Amino acid sequence: MRGRGLDQHRGVRKRRGGWRDVTAPPFPPLGLNANGTELRTLCASRKYQQCFGRALARRYSVLNVYSARAPNASALEGAARELRHHGLHPRSRLSEQGAGPARGCGVDGDGDGAAPLVGELKPRHRSPWSGSSLAAAALRFNASATAQPASDLAALLAFTAKPPADAGAGSSRRCDDDAATLNHELQLLLGVPSQPGPIGKLRRQAARAGWMAALGRSALACFLVSAYLRADELDALLPEAKQYGDVLFVQAAETGTIIRARTRYSNFTKRGRGMPTFKQYAFFQHAARTLRRVPYIAKVDDDSAVNLRRLRWYLERVRCYPNVLIGSIHFAGFVPRAHWSGVRGDRCGWGWNAYSALQDYERQDGKPGVSGYKPSCLNVGALLPFPFAAGAGYVLSNAAMRYIGSSPLVRRWVADAAGAEHESLQWQKFEDTTTGYWLLYANFSVTYLDINRWMHNGACDPRGQTQRTSGDLRRPASNRSVIVHDLKAGGFGFAWEQMDPPLGVPYDHQRCLRLK
């Protein structure tokens, strides 16, 4: 099925002679490795593209945006027919909630207008957190399912108990606004993991001066910071949090305070990167408890800039699909318990699409004990490749986010990651792939919207005027870019200059070099 600017099941190619019609094996229980013996039995030829390509194409619904235009009505309707053919029935949220008939999913247009999301007619949601600010609610339960360091939260609770008198009165929402109000008015919440210290502060200030200035009243971005900071770090951050109202303290320790041992994959010579795995899960769990009516929840790296005008336009056109994951969609195999690398949730068999991931799945590189060695995925218990969204930035529908944040299976997985094996099997990277892995176990099917062409790393290029819409992984931003990643402080400002104007501005290479 093809439509303008969109293709379903990208990269699962049909080989000469057709596919072998082999059913993919069932998933092992969440947290356990795949059964290599079963995979060998199902695919004795070890030609995994032929054995499993068709099954993966049926299992995962991936809609791909290739052109600068978003999927139009006919393309998305074709995708909907394909989903119904496999027993899935996408419906509009608007019609489900009695708000009258919904407009067609994927209405034509070029997306250059700055119109906000079409609002849902939502009743005010009364929850245990009604009357409590989002920031205060985050401190009143342990969101991370992990044992936390001893800490006196009195200072933070006092800080959130009395938000500024003018909170909520400006042009933008705040993270210390009343949770019930946010449930009623927000269309999009973005969680941005952040760190104390000068680098974290510099990135926060650059984001505020750039893309966050366009949030308005229907979108809110919160910098996610652990509530378990040292006293000096907390003293430095509280005034900033009070001034801007965009810092959310979550009850989850930073990964580096949970995992301290050196990594097995570095031959125990280096510590890991300490990515915010536990803190990110705490954000999803907090949002699942307090913001059940906000249609979309996003995770964005703190070195990424978001073109909210374009992102809102895409969200408007996929509202017919209740369970979506939007981002730069890749495929990868996944090893829940990778003893060979000492990683909980390691990747094995990666590709830009299912075809290339299956090809990589069967490959073994190097020799055991030699740097760079990668065993065959079949021999280390890797699940067959599945889609996930790259961690620079992705958006979940509320239902998908609530599954992650409230599932007992996922909560147990995170608790195990901080348990007795937290050093021998370290969970401190591949947070994005882990999120995709969790969604495999939901009791609903997920639709993946791949905007890979319009998510990229920022870079200066003397050919920038033509390269910025070329599809290269590293290129200057344009007004068609949705998320630009790997930005330094000055790069935020330049990327925002290129992304913000609906009609765009000419690329200035010397200015890019000065500001990067």
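**Patch, burial and salt bridges**

A nonpolar surface patch of about 290 Å² is formed by Trp350, Trp352 and Leu473. The model is predicted, so local features need pLDDT of at least 70 and side-chain atom pairs pLDDT 80 or more, while totals for chains, interfaces and linings use all residues. Residues are numbered from 1 along each chain as its sequence is written, and side-chain values use heavy atoms, without hydrogens and water.

Me: Why is leucine 473 called partly exposed?
Reply: Buried means under 20% relative accessible area and exposed over 50%, with partly exposed in between (1.4 Å probe, protein chains only). Leucine 473 has 47%, so it is partly exposed.

Me: What makes the contact of lysine 299 and glutamate 431 a salt bridge?
Reply: The term needs a side-chain nitrogen of Lys or Arg within 4 Å of a carboxyl oxygen of Asp or Glu. Here the N to O distance is 3.1 Å, so the pair counts.

Me: Which parts does the pair of lysine 299 and glutamate 431 tie together?
Reply: Lysine 299 lies in strand β7 (residues 296-300) and glutamate 431 in helix α16, 132 residues apart in sequence. Helices (H or I, at least four residues) and strands (E, at least two) are DSSP runs, numbered from the N terminus.

Me: How do you know whether lysine 299 is buried or exposed?
Reply: Lysine 299 has 2% relative accessibility, so it counts as buried. Glutamate 431, with 11%, is also buried.

Note on methods:
Patch = residues over 30% accessible without salt bridge, like charges linked within 9 Å, V, L, I, M, F, W, Y side chains within 5 Å. Areas by Shrake-Rupley, 256 points an atom, 1.4 Å probe, with all protein chains shown as cover.
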